[in-house]
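Please read this briefing alongside the sequence and the coordinates shown below. It is organised by topic, so that each group of points can be checked in turn.

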Amino acid sequence: MPSASETSEPALPWRLRSDLLIQAADVSHAATWTIKDPMRLTYFYAEAEEMAFLNLLNGQTSLNGILNQLRQQFPETEFSAENLRQFLLSAVNGGLLRACVPGHSLRLNLIRKRQLAQAPLRRMLSLLTHRYRGIDPTRILNVLDHFFGWIFHKYIMVAGVLICGLACLMVFARRGQLETELPGIAALFTATNLPILALSLLFIKMLHEFGHGLTCRHYGGECHELGVLVVGFMPLLYCDVSDSWLQQDRRRRMLVSAAGIGTELFLAAICALLWAVTRHGFLHTFFLNVMLVSSLNTMLINGNPLLKYDGYYVVADWLGIPNLASESRASAIAVLDRMILGFSGMSFTRRSFGTHWAMVAYGFASMVYRILVVTTLMWFMYGMLKAWHLESLISVLLASVVAGFAMTAVRGGHERLRIVNSNPALRIRAISGVCLAVCLLLIVLFVPIPYSVAAPFTLTPGVCAPVYALEDGEIDARVSEGDIVETGDVIAVLSNATLESAVTQAQGEFRVATARAAGLATQRSASSQAASRLPAAEKAVRSRELRLEKLSQKQQNLTVLSPGPGIVFAPRNKPRPRTHAREGMGWFGRPLDPELNSVWIHRQTLLCWVGTDRDLRALCLLPQEDIELIEDGAEVTLTFVSLPAVHVTGSVTQRNAIPETLIDRELIANHMVSATPDSLRPQETMFGVAVSLQFDSSTTMPPLYSSGFAEIRCVPVSLASRAWRFICHTFTFR
Ligand SMILES: [Zn+2]
């Protein structure tokens, strides 16, 4: 049977291009090969088996023929026709092969054409990255190497590592200071500082790239490109040291990859030491900033082996797995394929059991981390664009990412469909696997998950009764904050000499008018003149009476009474006025404070609130997208900034339908809500939610107007609907 199919099977019409530069990637063990395409200046790595396969392609042998030869050559490796076909496809797509049959060059043309047709689309879609070729830095590097070549001396490098270690220890010892100074970094981002910061970032990146270039040049490599790579809207410098791939000494190759990380870490160390010895000021914060930017960038992005930047190449070279990224991704996807579709293994390289699963784990970790980085980047840009009201721009980016992902998914799905269709035995297993996976996915996406939102709040008097001064007067407080009062108890007495004398005068006038009217009444029968003047006198009595009544009422109002039983809560502190020009004219503090005794208070001034602790409300501020998820009666846990260990529970009593126009000073002072500078207006639309608190007798109640963070339990929402709501709020097609 096999011989019959072998003879009838057509020969593979491909041959390895003769113009490729092929050399062993490592002098120590010739298991891997580097292939340089001199036409396109691209590089490939091939393992011994892959290289053997490429060499066996002569345009005359069939796939099974090559398979048999490979099995003889590498008896311990498992080959299958399917994985050879896969590798052949990637080699064809990579442009390593040339077609031997005229008909096949047409096919090749078709592939090229399709790639060309996709190119502009892909470029348009992948706005996330774009490359602008820059200058040829060879001459600069030669000069630098001439003067600074000594830094590659063994002892100098060891000294550099020691300095980095020292800086690490020093920062660890001062972690308390670091923690307190971190919020101060935001103060650095002022209009005057921004150009300096941007320049310093450019300088860091320049040093990084020259680190690569100089190391590459020092060890005899070529470096002909120093350009700009745009990731998102962020321009990054890059230095093309891809020729170092042809560097046969693995240790040197690792050094070239690690040079950028090394430069940045050394810079971070120097800045950390400078930060430690400088006093507070611009330079101190600037050093801290450079230290953080360089070290965080190294740890999270550039030096992190999960992303395909410098750290990755160091690790790949160190492990001796040149195609670590693609191979581990393929292994991870192969595991998924096996679990869901029941496909058998695809890889044909020899890896031990442990290495294989380590690769699978690495593959999954790098995929997840990449998604995480892209999401964080998008989220960060969303925040920045939102501040300039340009958040719809993020839709362009999101569309490009989603389209890129969809294209890959469609291609992968198509490929798998073809494999399943060609193998009927796989069909039932694949269909049931896909159904199960889809069910699991739907459960994850659509099962409502309880979750909560965090919101800043201030403790407000809520539904306590306000007590106002009804008249102007000098205040004499009879109660103080925290006193318990009954209905009708005197809160304060105001004295107003003008009012008092007006009352006395009115009383006198009333008495005079009454006496006059009484006199006229007795003369009425004797004198007609008196009779005629009587109505006017009586009218005057009534008007004097009315005036007296009015003034007496005002006089009574000078004594401020409690409207109900409860505790006296002080109103918000009135801040000291900024200008002292009219000092003595106004007052500041709280009207019931003993220091304010005899101070002139205007009518309608809020003196205090009277109520119980049940009347108090925490006023939480929430953005539009969160307020919709909260129901009346939702459970809330409140934590006060001043009492971090105490958690007070409560429930939502009211949700305001009108956005808040003014934000409490406390929240702005504590950086809990961002407001427009010099005003108390919130930067984004915020809605208030009133929460009643359940104090138990043991908790000490924090003072009124204390602020903190509330955790509000929301209506359970599924992941899918949360994603949908986020999209709806980002793009305004509601
Ligand atoms: Zn780099």
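The model is predicted.

**Helices α14 and α15**

- Helix α14, which covers residues 353-387, packs with helix α15, residues 393-422, at an angle of about 165 degrees, and their axes are 9 Å apart.
- Because angles over 145 degrees count as roughly antiparallel, α14 is described as roughly antiparallel to α15.
- The crossing of α14 and α15 is right-handed.
- On the α14 side the contact involves Val-374, Met-378, Met-381, Tyr-382 and Leu-385, and these meet Leu-393, Ile-394, Leu-397, Leu-398 and Val-401 in α15.
- By class, the residues in the contact of α14 with α15 are 10 nonpolar, no polar and no charged.

**Helices α7 and α10**

- Helix α7 (residues 154-173) and helix α10 (residues 250-277) have axes that come within 9 Å of each other and cross at roughly 45 degrees.
- That angle makes α7 oblique to α10, and the crossing in which α7 passes α10 is left-handed.
- From α7 the contact draws on Gly-160, Ile-163, Cys-164, Ala-167, Met-170 and Val-171, while α10 supplies Leu-265, Phe-266, Ala-269, Ala-272, Leu-273 and Ala-276.
- The residues of the contact of α7 with α10 comprise 11 nonpolar, 1 polar and no charged.

- Strand β19 (residues 635-640) and strand β20 (residues 647-655) are paired in the antiparallel sense over 5 bridges, and the two form a hairpin with 6 residues between them.
- Within this pairing, Leu-638 has Val-648 of β20 as its bridge partner.
- Strand β20 is also joined to strand β21 (residues 686-694) by 6 bridges, and these two strands run antiparallel.
- For Gly-650, the bridge partner in β21 is Leu-693.

- Thr-458 belongs to strand β9, which spans residues 452-460.
- Thr-458 has 23 other C-beta atoms within 10 Å and is therefore buried, since the cut-off for that class is 20 or more.
- When its neighbours within four places in sequence are left aside, Thr-458 is in contact with Leu-619, Asp-664, Glu-666, Leu-667, Tyr-705 and Ser-707.
- Although Thr-458 and Ala-690 are 232 residues apart in sequence, their C-alpha atoms are 9.9 Å apart in space.

Technical notes. Residues numbered from 1 in each chain as written. Predicted model: local features only at pLDDT ≥ 70, side-chain atom pairs only at ≥ 80, totals over all residues. Axes fitted to C-alpha atoms, helices over the stretch in contact; angles between N-to-C directions. Helix = DSSP H or I, 4+ residues; strand = E, 2+ residues; numbered from the N terminus. Parallel < 35°, antiparallel > 145°, perpendicular 65-115°, else oblique. Left-handed = near helix turned anticlockwise from the far one by under 90°. Contact = placed C-beta atoms within 7 Å. Nonpolar A, V, L, I, M, F, W, Y, C, P; charged D, E, K, R; others polar. Buried ≥ 20, exposed ≤ 12 C-beta atoms within 10 Å, placed from the backbone. Pairing = 2+ DSSP bridges.
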